[in-house]
Amino acid sequence: MDPHTVDRLRAAADEIVSRPRVEPSGSARGRDRLDDPTSTPTRSRGGAGGKDADGPSAWDSALRLLGVRARSRSELRTRLLDKEFPPADVDRTLERLAEFGLLDDAEFARQWVESRHRTQGRGRIALRNELRTKGVDPAVAESALALVDDEDERARAEDLLARKVGSLTADDVADRGDRDRHTRRLVAMLARKGYPAGLAFDLVRSALDDLA
C-alpha cells in the first residue's frame with residue numbers, strides 16, 4: 001500500500017483497538033450501525049442451545065486482517081466468511097473498504113509482484129500462479145506481471161544461480177555424470193522459483209561452462 005493508505009489503515013485500526021466495548025441495545029445493532037464503517041457493531045452467532053455470542057463486526061475484523069498484511073478481495077472475503085459473518089455483511093464491508101481505498105486488487109497485485117520478485121526471486125510463472133490462488137482477476141494479474149520484463153527476469157535468475165554455483169569448482173563438473181547431476185539440480189531450483197525451462201537450461205549451461 002502507498003504511505004497514505006497505510007496511514008489511513010493504521011489510524012482506523014488503532015481507533016478500533018482503543019475504542020471501549022459497546023454493548024448492543026435495541027436497534028443499535030441494526031441498519032444504521034452497519035452503514036457506518038467507523039462504528040463497531042456487535043454480532044450474534046447462533047450456537048448450541050440457541051445462545052448468542054457478541055464479537056467484533058466484519059468491518060473491525062477486516063481492518064485487523066489488513067493490518068497484518070495486504071490481501072486480495074477474494075482472500076479477505078474468504079477469511080471473513082470463515083469467521084461466520086453473514087455474506088451480505090461481508091460484501092458490504094468489502095465495498096466500503098474499496099471506497100476508502102483500503103482494498104484494491106490492482107495495487108495488491110502490483111505490490112505482490114514487486115515484493116516477491118525482488119525479495120524471493122520469483123519468476124513470472126510462479127507469480128502468476130500465486131496471484132491466481134489469491135483470487136486476483138487474470139487481467140489484473142497480467143497487468144502487474146508486466147512490471148517484470150524479460151531482462152528483469154533473466155537478471156534475477158542469474159543472481160539466484162550465482163549463489164548456488166558459487167560453491168562449485170571446475171572439479172565438481174569435470175565428470176559428465178556429475179555435471180548432469182548439477183545441471184538437473186540447478187534447473188529444478190530455477191523451475192521451482194517460476195522460471196521457464198528454456199531460460200533455466202541456458203543459464204545453467206552457461207554458468208557451468210564458466211567454471212571450466
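The legends below describe close-up views of a predicted model. Residues are numbered from 1 along each chain as its sequence is written, and side-chain values rest on heavy atoms, with hydrogens and water left out. Because the model is predicted, local features need pLDDT of at least 70 and side-chain atom pairs count only at pLDDT 80 or more, while totals for chains, interfaces and linings use all residues.

View 1. Helix α9 covers residues 150–165, helices being DSSP runs of H or I with at least four residues, numbered from the N terminus. Its 16 residues should span 22 Å at 1.5 Å a residue, and the end C-alpha atoms are 22 Å apart, which agrees; the expected span is 1.5 Å times one less than the number of residues. At the start of α9, a side-chain oxygen of D149 comes to within 3.2 Å of the backbone nitrogen of E151. The buried residues of α9 are E153, R156, A157, L160, L161 and V165, where buried means under 20% relative accessible area, exposed over 50% and partly exposed in between, with a 1.4 Å probe and protein chains only. The elements that cover them include α6 (105–119), α7 (124–133), α10 (176–192) and α11 (197–211).

**View 2. The largest nonpolar core and a second one.** A nonpolar core is a set of buried Ala, Val, Leu, Ile, Met, Phe, Trp, Tyr and Cys residues joined through side-chain atoms within 4.5 Å. The largest has 17 residues, of which L161, L186, L190, Y195, V204 and L208 touch the most other members. Helices α9, α10 and α11 each supply at least two residues of this core, and the largest share, six residues, comes from α11. Not counting residues up to four places away in sequence, L208 touches L168, V173, R179, T183 and L186, contact meaning heavy atoms within 4.5 Å. A second, separate core of 14 residues includes A58, A62, F85 and V90.

**View 3. H182 in helix α10.** H182 is found in helix α10 and counts as buried because its relative accessibility is 8%. Leaving aside neighbours within four places in sequence, H182 is in contact with L168, D172 and V173.

View 4. S61 is found in helix α3 (residues 58–68) and, at 8% relative accessibility, counts as buried. Apart from neighbours within four places in sequence, S61 is in contact with P56, L80, K83 and F85.

**View 5. Salt bridges.** The structure holds 18 salt bridges, each a side-chain nitrogen of Lys or Arg within 4 Å of a carboxyl oxygen of Asp or Glu. The side chains of R77 and D91 meet in one of them (2.7 Å, N to O), a pair that links distant parts of the chain, with R77 in helix α4 (residues 73–82) and D91 in helix α5 (residues 87–99), 14 residues apart. R77 is partly exposed at 30%, and D91 is also partly exposed, at 31%. R122 and E130 form another salt bridge (3.5 Å, N to O); R122 is buried, with a relative accessible area of 19%, and E130 is buried, with 14%. R69, R71, E75 and K134 are linked in a network of salt bridges.

Note on methods: Polar contact = N/O pair within 3.5 Å; in protein donor to acceptor, adjacent residues only side chain to side chain.
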